[in-house]
Amino acid sequence: MKNPMSVEPADPPAHVAFQVFLDGIVAAVRSVFFYVLIGNYVGMGALAHEVGFSFWWMALSTVLIWAAPAQVILVSTLSTAALFEVALAVTLSSVRFLPMVAAILPTMRRPGVRQRDLILPMHLTAISVWVEGMRLLPLMPVERRIAFYNGLGTGLMSGAVIGGAVGFVLAAKLPPLLSAALLFFTPMAILMSSARNSRTLLDGLAFALGLVVGPVVAAQKIGLDLMWTGLIAGTMAYGVHRLREARRKCVS
Amino acid sequence: MSAALHATLQDIGPVLALILFGFLPNEVWRLVGLMLVHGLDEKSQIIVWVRAVATAMLAGVLAQLILSTSGPLASIPVSVRIGASVLGFAAFLIGKRSVFAGVLTGEAAILLGTYFLGT
Amino acid sequence: MSAELHSYLILIVIGFLPSEVWRWLGIALGRGLDEQSEIILWVRGVATALIAGVIARIVLIPPGALAGVPLPVRLAALAGGFLGFLLIRRSAFAGVVIGEGLLVLGALVFS
C-alpha cells in the first residue's frame with residue numbers, strides 16, 4: 001500500500017514504458033551516431049564476408065558483442081591466431097566499458113530498481129549509446145530513463161545490425177574494386193575515430209607506435225603478436241607520458 | 001596441452017568461439033561496471049554463474065593436463081596418472097581437507113607408480 | 001613462450017578468476033584515485049596500441065578483394081586520408097572520403 005506522502009517515483013505502467021522505449025528508438029535514429037554506426041558496420045560486414053564468416057554469425061556478433069573494436073579484432077584474428085590470444089586482445093580492447101557503465105547506470109537508479117532491470121542497459125552500453133545517453137537522460141524524469149536508454153540502445157544496435165547485413169551482402173555482389181574500397185573502410189574508420197578521440201599525447205603516441213611496432217612484432221613470428229604490440233607500444237607511450245609528467249612537476 | 005592452447009577456430013566452431021572468446025571477455029567489463037554500481041554482491045546470480053563457469057574451465061584444464069599425451073607427463077601411463085590423482089584427492093579428504101597431504105600423497109603415488117609400473 | 005609456460009599461465013589466470021578478482025577490485029577501489037588513474041592510463045595505452053596493430057594487420061595482410069590493390073596504394077591511401085583529416089578541421093568524414101578516393105584511383109591507375 002503506497003504511502004501517499006511518499007515521493008518515491010513509481011514504475012511507469014507498461015504501456016507508458018513502451019512509449020518511452022519507442023521515444024528512445026526515435027532518438028537513436030535521429031542521432032548522427034546512427035549513420036556513423038551504419039557506415040562503420042557496412043565496412044565490418046564486408047570484412048566478415050571476405051574473411052569467411054557467415055551472415056548470421058556477423059549479425060550475432062553485433063548483438064552479443066556490440067563493440068566495433070572487439071568485433072574487428074575477432075573477425076580479423078579468429079581464424080589465424082590462437083583463441084587464448086584473441087580473448088586477451090578482446091578483453092583489453094573493451095576496458096573502457098567499465099567506467100562507462102559505472103558512470104551512466106547510476107543515473108537510472110532509484111530505490112526499488114532491481115539489478116536485473118539494469119542488465120539490458122548494461123549490455124546496450126557502447127560509445128554511441130553512452131554519449132547520447134549522457135546527453136539526453138538528464139532531460140527526463142528518472143523513472144523513464146531505463147526504458148528510454150533501452151530504446152536508444154536497441155535503435156542504434158539495430159542500425160548496426162542492418163549495416164552489417166548490407167555490407168556483408170554488398171561484399172558478395174560488388175565488383176572487386178568497389179569491394180576492396182568497402183573493405184578499406186574499416187581501417188579508415190578506426191584510424192579516423194581513434195585520431196579524433198585522442199586528445200592527449202598518450203593516445204596519439206600509443207596509436208602511432210602501435211602502427212609501427214605491430215608489423216615489426218608480427219615479422220618476428222613469435223606468436224601472440226597482438227599482445228606484444230599492445231604491451232610494447234602501449235608501455236612505451238605510457239613511459240613517455242610519465243617522463244613528461246615528471247618533468248612538468250620539476251618545473252612547477 | 002599445447003594443442004589445446006593453440007586450438008583454433010576449426011576446432012571449436014565459429015559460434016562457440018564467438019561466445020567464449022568474443023562475447024565473454026567483452027562483457028566482463030560491462031558486468032564489473034554493473035557490480036560496482038549495484039554493489040559487490042557476492043551472492044548475486046551473475047557472480048555465482050561466473051564462478052561456476054570459471055571452476056568448470058579450471059577442471060577442464062586440469063583434466064587435460066592429467067590426460068595429455070604430450071609433454072613431460074606423457075611417459076607416465078595414463079592409469080598411473082589417474083590413480084595418483086585419485087589417491088591424492090583421497091588423502092586430501094582424509095587429512096581433513098589438507099592440501100599438503102593431498103599434494104604429498106599424489107606426488108608420492110606418481111613417483112612410485114612410475115618407478116614400478118612405468119615405461 | 002613455451003607450451004608448458006602457456007599451461008601454467010592459463011591455470012593461474014583461470015584459477016584466480018573466481019575469487020581473487022573481486023578482492024582485488026575492492027582493494028583497488030579503496031586505494032587513492034592517483035594509483036587507479038595511472039593504471040587506467042597504461043591500460044588505455046596498451047589497448048590503443050593493440051587496435052593500431054589490428055589496423056596495420058588489415059592494411060598489410062588484407063583479406064579478399066583488398067589484396068588485389070597494390071601495397072603502396074593501400075599505404076598511400078591510408079596516409080593521404082589521415083592527412084586530409086588533419087588538414088580539414090579534423091573531419092573524420094573528409095578523411096574517409098579522401099582515403100577511399102585515393103584507394104580507388106590508385107587501384108584503377110596501378111593495376
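Student: How many residues of domain 1 of chain A are in contact with domain 2 of chain A, and how many does domain 2 bring?

Tutor: Keep in mind that this is a predicted model. Chain A is split into domain 1 (14-197) and domain 2 (198-252), and the C-alpha centres of these two domains of chain A lie 27 Å apart. Where the two domains of chain A touch, the count is nine residues from domain 1 and seven residues from domain 2.

Student: Which helix gives the most to the side of domain 1 of chain A that touches domain 2 of chain A?

Tutor: Helix H5 (83-93) and helix H10 (176-197) of chain A each put at least two residues into that side of domain 1. By class, this side of domain 1 of chain A has five nonpolar, three polar and one charged residues. The top contributor, with four residues, is H5(A).

Student: Let's go to the chain contacts. How many residues does chain A put into its contact with chain B, and how many does chain B put in?

Tutor: On the side of chain A that touches chain B, the elements giving two or more residues are helix H3 (55-65), helix H4 (68-77), H5, helix H6 (97-104) and helix H7 (119-124) of chain A. H5(A) has the largest share of that side, six residues. In total, the contact takes 32 residues from chain A and 25 residues from chain B.

Student: How many charged residues are on the side of chain A that touches chain B?

Tutor: Sort that side of chain A by class and you get 25 nonpolar residues. Another seven are polar. For charged residues, the count is no residues.

Student: At what angle do H6(A) and helix H3 (residues 14-38) of chain B pack?

Tutor: The residues of H6(A) that meet H3(B) are A:Phe97, A:Leu98, A:Met100, A:Val101 and A:Ala102. From H3(B), the partners include B:Trp29, B:Arg30 and B:Gly33. H6(A) passes H3(B) in a right-handed crossing. The axes of H6(A) and H3(B) are 7 Å apart, and the packing angle is about 35°.

Student: How many nonpolar residues does the contact of H6(A) with H3(B) have?

Tutor: Take out one polar and one charged residue from that contact of H6(A) with H3(B). What's left is the nonpolar group, and the count there is ten.

Student: Now for chain C. Which helix of chain A gives the most to the side that touches chain C?

Tutor: Here 51 residues of chain A are in contact with 40 residues of chain C. Helix H2 (32-51), H4, H5, H10, helix H11 (201-220) and helix H12 (225-251) of chain A each supply at least two residues of the side that touches chain C. This side of chain A divides into 35 nonpolar, 13 polar and three charged residues. With 19 residues, the biggest giver is H10(A).

Student: What percentage of the residues in chain A is buried?

Tutor: Chain A has twelve helices and zero strands, and its C-alpha trace spans about 70 × 60 × 30 Å along the principal axes. Among its contacts with a separation of 6 or more, 76% are between residues 24 or more positions apart. Out of the 252 residues in chain A, the buried part is 49%.

Student: And what percentage of chain C counts as buried?

Tutor: Chain C comes to five helices and zero strands. Of its contacts between residues at least 6 apart in sequence, 40% join residues at least 24 apart. Of the 111 residues of chain C, the buried part is 33%.

Student: Is A:Glu132 buried or exposed?

Tutor: A:Glu132 lies in helix H8 (residues 127-136) of chain A. Leaving out residues up to four places away in sequence, A:Glu132 touches A:Ala27, A:Ser31, A:Phe33 and A:Leu152. The C-alpha atom of A:Glu132 is separated by 9.5 Å from that of A:Gly153, 21 residues apart along the chain. Because 23 other C-beta atoms lie within 10 Å, and the cut-off is 20 or more, A:Glu132 is buried.

Student: How far does H12(A) reach from its first C-alpha to its last?

Tutor: H12(A) has 27 residues, and 39 Å is expected at 1.5 Å a residue. Buried residues in H12(A) include A:Asp225, A:Trp228, A:Tyr238 and A:His241. The reach of H12(A) is close to the expected value, at 39 Å.

Notes:
Residues numbered from 1 in each chain as written. Chains lettered and ligands numbered in written order. Predicted model: local features only at pLDDT ≥ 70, side-chain atom pairs only at ≥ 80, totals over all residues. Domains from an automatic or database assignment. Nonpolar A, V, L, I, M, F, W, Y, C, P; charged D, E, K, R; others polar. Axes fitted to C-alpha atoms, helices over the stretch in contact; angles between N-to-C directions. Left-handed = near helix turned anticlockwise from the far one by under 90°. Buried ≥ 20, exposed ≤ 12 C-beta atoms within 10 Å, placed from the backbone. Expected span 1.5 Å × (residues − 1).
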